[in-house]
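Morning, everyone. Please have the sequence and the 3D view open while I talk.

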Amino acid sequence: MHKKRLCDIDLLSDEQKADLDKFNETEDEFDDTKTVVDLFREQAKKTPDNIAVDYKEKSFTYAQVDEISDRIAGFVHSKGIGKENVVFVLIPRCEYMVIASLGVLKAGAA
């Protein structure tokens, strides 16, 4: 009986490997001066009614996420938290994980 090492076994065909390699093509130019918040706000202006967050049976549009995260940013800022501060968001896994994180970023914190 011939034994093979696990690393020598091909799980994908050459065609499948080529398809996966296409995902790594990152030749598109992008503006690296924009922040995540900038990019989110641009998208919210372009497509306010599109779904931005979808978790289980709850969905939020870009406009809703923008408004909720602005309120979170205001709250964070009202606590004197801003640039060069780090905020920990401790909540159970839910739709607000990403919204709260965006709010923290909008407040200027990390």
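One definition before we start: helices (H or I, at least four residues) and strands (E, at least two) are DSSP runs, numbered from the N terminus. Just after helix H4, Gly108 takes a positive phi of about 95°.

Now the ground rules. This is a predicted model, where local features need pLDDT of at least 70, side-chain atom pairs count only at pLDDT 80 or more, and totals for chains, interfaces and linings use all residues. Residues are numbered from 1 along each chain as its sequence is written, and side-chain values use heavy atoms, with hydrogens and water left out.

Next, the strands. E1 covers residues 51–55 and E2 covers residues 58–61. They run antiparallel, joined by four bridges. Two strands pair if DSSP finds at least two bridges between them. Tyr55 stands opposite Lys58 in E2. Two residues sit between the strands of this hairpin, and Lys56 takes a positive phi near 50° there.

On to the inside. Buried means under 20% relative accessible area, exposed means over 50%, and partly exposed is in between (1.4 Å probe, protein chains only). A nonpolar core is a set of buried Ala, Val, Leu, Ile, Met, Phe, Trp, Tyr and Cys residues joined through side-chain atoms within 4.5 Å. How many residues are in the largest nonpolar core? It has 10, among them Val37, Phe40, Val53, Phe60, Val65 and Leu102. Helix H2 (36–46), H3 and helix H4 (96–106) each give two or more residues to this core. A second, separate core has five residues, including Ala73 and Val104.

Look at Val65. Contact means heavy atoms within 4.5 Å. Leaving aside neighbours within four places in sequence, Val65 is in contact with Phe40, Ala52, Val53, Phe60, Ile99 and Leu102.

Helix H4 next. Its buried residues are Ile99, Ala100, Leu102, Gly103, Val104 and Lys106. What covers them includes H2, E1, E2 and H3.

Keep your eye on Lys106. Is Lys106 buried or exposed? Lys106 counts as buried because its relative accessible area is 14%. A salt bridge is a side-chain nitrogen of Lys or Arg within 4 Å of a carboxyl oxygen of Asp or Glu. Lys106 meets Asp66 in one, at 2.5 Å, N to O. That pair links distant parts of the chain, with Lys106 in helix H4 and Asp66 in helix H3, 40 residues apart. Asp66 is buried too. Lys106 also forms a salt bridge with Asp70, the closest N and O atoms being 2.8 Å apart. Here the partners are 36 residues apart, Asp70 being in helix H3. Asp70 has 35% relative accessibility, so Asp70 counts as partly exposed. Arg41, Asp66, Asp70 and Lys106 are linked in a network of salt bridges.

Lys106 has another partner. A polar contact of 2.8 Å joins its side chain to that of Ser69. Such a contact is a pair of N or O atoms within 3.5 Å; within protein, one must be able to donate a hydrogen and the other to accept it, and residues adjacent in sequence count only if both atoms are side-chain atoms. Ser69 lies in helix H3 (residues 62–78). With a relative accessible area of 0%, Ser69 is buried.

Last stop. The structure holds nine salt bridges. One of them joins Arg5 and Asp8, at 3.2 Å, N to O. Arg5 counts as exposed because its relative accessibility is 54%. Asp8 is at 43%, so Asp8 counts as partly exposed. Thanks, everyone.
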